[in-house]
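User: I would like to learn how to read helix packing and pockets. Please take me through an example.

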Amino acid sequence: MPSSALIVKLFAAPLLIGAASMAGRRWGPQLAGLLGGLPLVAIPIVLALWLEYGPEYAIKVAGAASAGLWANVVYMLVLAHASRYFSWLGTIVCGWAAYLLTALVLVWSGLAMSPIASVGVLAGLWIAIYFIPRPEAINRSSLPKIELYARMVAALLLVLALSSLSLLLGSTMTGVLAGFPVAATVIPAFTLANTGRNALLLQLRGFLMGLTGFSMFFLVWTPLASHIGLLAFFPALIAALATGMLVKFLSHRFH
């Protein structure tokens with residue numbers, strides 16, 4: 001069903017990132033990060049692969065997705081520290097380089113398919129939150145419509161490019177790249193350029209909290225999908241949202 005897969009690629013991720021951006025305008029950059037850290041792009045990618053290549057391939061891809069979050073941990077930490085020295089473009093380039101290098105190490109070493117790496121990333125994400133520098137006072141800014149549309153268009157272009165490239169690399173690399181920081185590229189780039197580093201740091205903490213939900217989503221979805229098919233998305237999404245909110249609550253409780 002290539003037409004259905006194309007519809008998923010064209011509309012799902014941009015709309016989800018648009019919703020996360022609107023939530024950030026209403027409730028602040030940390031919530032935007034929390035929502036943006038959820039599998040807003042990975043879900044459409046896995047769904048599109050399911051429709052194009054069948055359940056078996058999509059489940060193999062999902063099996064590597066949680067371990068691939070180690071690359072996101074490195075990416076977020078690099079963004080946080082590189083933003084002290086570089087503009088938004090230099091910061092994003094440093095983050096991408098760190099992400100891709102980590103992703104290659106995960107695949108070449110075989111860790112991408114390791115259950116230990118998939119489960120252990122939850123602890124890694126929690127620890128990484130404490131290594132993000134604390135933000136100072138934040139100047140809130142509005143989100144112009146043109147910027148919102150730019151975020152959605154950038155997300156669309158990144159999803160199309162990623163899906164086209166990743167399908168050539170096999171299920172393991174595709175799974176690792178399913179967590180490619182699309183939302184965590186688009187939203188932080190605009191935030192750093194328009195609102196400054198303090199807002200970025202707060203947002204990155206939110207992304208790391210949201211990524212715990214990403215990890216939980218695929219830890220729940222992967223074993224269930226072979227039994228109940230696409231219906232596994234519902235319990236997995238509930239588990240992801242609950243995990244993200246729990247981490248957010250604990251972060252406020254112990255800070």
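User: Which hand does the crossing of helix 5 and helix 7 have?

Analyst: A crossing is left-handed if the near helix is turned anticlockwise from the far one by less than a right angle, and right-handed if clockwise. Helix 5 passes helix 7 in a left-handed crossing. Helices (H or I, at least four residues) are DSSP runs, numbered from the N terminus. This is a predicted model: local features need pLDDT of at least 70, side-chain atom pairs count only at pLDDT 80 or more, and totals for chains, interfaces and linings use all residues. Residues are numbered from 1 along each chain as its sequence is written, and side-chain values use heavy atoms, with hydrogens and water left out.

User: At what angle do the axes of helix 5 and helix 7 cross?

Analyst: Axes are lines fitted to C-alpha atoms, for helices over the stretch in contact, and angles run from 0 to 180 degrees between N-to-C directions. Angles under 35 degrees count as roughly parallel, over 145 as roughly antiparallel, 65 to 115 as roughly perpendicular and the rest as oblique. Here the crossing is at roughly 15 degrees, and the axes come within 9 Å. Helix 5 and helix 7 (residues 115–129) are therefore roughly parallel to each other.

User: Which residues make that contact?

Analyst: Contact means heavy atoms within 4.5 Å. Helix 5 brings Leu69, Trp70, Val73 and Leu77; helix 7 brings Ala117, Gly120, Val121, Gly124, Leu125 and Ala128. By class, the contact of helix 5 with helix 7 has 8 nonpolar, 2 polar and no charged residues. Ala, Val, Leu, Ile, Met, Phe, Trp, Tyr, Cys and Pro count as nonpolar, Asp, Glu, Lys and Arg as charged, and the others, Gly among them, as polar.

User: Are helix 5 and helix 6 roughly parallel or antiparallel?

Analyst: Read the angle. Helix 5 (residues 69–82) and helix 6 (residues 88–109) pack at about 155 degrees, with axes 8 Å apart. They are therefore roughly antiparallel to each other. Helix 5 passes helix 6 in a right-handed crossing. The contact includes Trp70, Val74 and Tyr75 of helix 5 and Ile92, Trp96 and Tyr99 of helix 6. Its residues divide into 14 nonpolar, 4 polar and no charged.

User: Which residues of helix 5 meet helix 10?

Analyst: Tyr75, Met76 and Leu79 of helix 5 meet Ala184, Thr185 and Pro188 of helix 10. That contact has 5 nonpolar residues, 1 polar and no charged. Helix 5 and helix 10 (residues 183–194) pack at about 10 degrees, with axes 12 Å apart.

User: Which helix gives the most to the lining of the second largest pocket?

Analyst: Helix 1 does, with 5 residues. The lining residues divide into 14 nonpolar, no polar and no charged.

Note on methods:
Helix = DSSP H or I, 4+ residues; strand = E, 2+ residues; numbered from the N terminus.
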